[in-house]
Amino acid sequence: MPSTAVEVIAPAVVLRVQPVGDADVVAVLFCPERGRIDAFGRAVRSSRKRFEGAALQPFNEVEASIQPARKGGLPTVRGAAARAHLLGPSPTYAQLVAGSYLLEMAGQLCQPGHADPALYLWLITWTGACGRADAAALPLLLAAAELGALWVAGMLPELDRCARCGAAVAAQGAAWPAGGDGLACRACCPPGAPWLPGADLRAIDDAVRGADPDRVASVAAPTWALVSERARSQLHHALRGPLRTGQAVADTLRGASAAAGLAAP
Ligand SMILES: [Zn+2]
């Protein structure tokens, strides 16, 4: 195939669109089979025909025609059609804020030229859940999504056994000491560490691995508070830098977080 042949990439989610000049853009797409694609779009904002219905917008799952890069430049988006909007047809502001946080996280975790269907499923699942949730549920969903991102990245500690001695913790529960590498059973746990019930740990494990947002609500708020704090400090190591949208999440969802007894994301 000649290097200038236009390829159809589908599906792909539009993670970000950066305006360039009056009509052009640089779009960041995430395709499950191809990973992250940064592509130049010429006259995207003036050509409604090639980019039907303003398809090249964040949250759209699209079918995109991409011309490969020449001479070290970016590939070019020749056209795009939207197949779905991850948040649904009319998201609230809080849903947009939560969803933007997940799009940015996906943009940092996906790699160019690196297939990552598990991360793609993660993005579709948790962004979709944000699009169906009311504002009070969004902090819990984001906490679960962060744990899910750790799992996809292979960095989530096992939630069914002690990281130190390997003992099963499903029945008794466990502590998750700060700075440790995972859960600690009663025999291994440092004095005074807060205790997490086994049922909560099982529900979190199921929600995160099974990408099942419906399990999130059954977990006690104090458990979420601790687990999400630990997850966030680990997620730090997986990300390339702080998330720009983190402040908007803290500002917008703080009221809901406080009501649920959680630390703000
Ligand atoms: Zn132990």
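## Terms and model

Angles between axes under 35 degrees count as roughly parallel, over 145 as roughly antiparallel, 65 to 115 as roughly perpendicular, and the rest as oblique. Helices (H or I, at least four residues) and strands (E, at least two) are DSSP runs, numbered from the N terminus.

This is a predicted model, in which local features need pLDDT of at least 70 and side-chain atom pairs count only at pLDDT 80 or more, while totals for chains, interfaces and linings use all residues. Residues are numbered from 1 along each chain as its sequence is written.

## Overall form

The protein has six helices and eight strands, and from the N terminus on these elements follow the order β-β-β-β-β-β-α-α-α-β-β-α-α-α. Along the principal axes, the C-alpha atoms fill a box of roughly 65 × 40 × 25 Å.

For 265 residues, a compact globule would have a radius of gyration near 18 Å, and the 20 Å of the protein agrees with this; the radius is taken over C-alpha atoms, and the rule is 2.2 Å times the number of residues to the power 0.38.

## Two domains

The protein is divided into domain 1 (7-85) and domain 2 (93-259), with bounds that come from an automatic or database domain assignment. The C-alpha centres of the two domains lie 30 Å apart.

Where they meet, 13 residues of domain 1 are in contact with 14 residues of domain 2, contact being defined by C-beta atoms, placed from the backbone, that lie within 7 Å. On the side of domain 1 that touches domain 2, strands E1 (7-20), E2 (24-31) and E3 (35-41) each supply at least two residues. By class, that side has eight nonpolar, one polar and four charged residues, where Ala, Val, Leu, Ile, Met, Phe, Trp, Tyr, Cys and Pro count as nonpolar, Asp, Glu, Lys and Arg as charged, and the others, Gly among them, as polar.

## Helix H3 and its partners

The axes of helix H2 (residues 117-132) and helix H3 (residues 138-152) come within 10 Å and cross at roughly 175°, and H2 and H3 are therefore roughly antiparallel. Residues of H2 including Trp-122 and Trp-126 meet a group in H3 that includes Gly-148 and Val-152. This contact has eleven nonpolar, one polar and no charged residues.

Helix H1 (residues 93-109) packs with H3 at an angle of about 10°, with the axes 11 Å apart, which makes H1 roughly parallel to H3. Among the residues that meet here are Tyr-101 and Met-105 in H1 and Leu-142 in H3, and the contact has eleven nonpolar, no polar and no charged residues.

Definitions and conventions. Axes are lines fitted to C-alpha atoms, for helices over the stretch in contact, and angles run from 0 to 180 degrees between N-to-C directions. Two residues are in contact if their C-beta atoms, placed from the backbone, lie within 7 Å.
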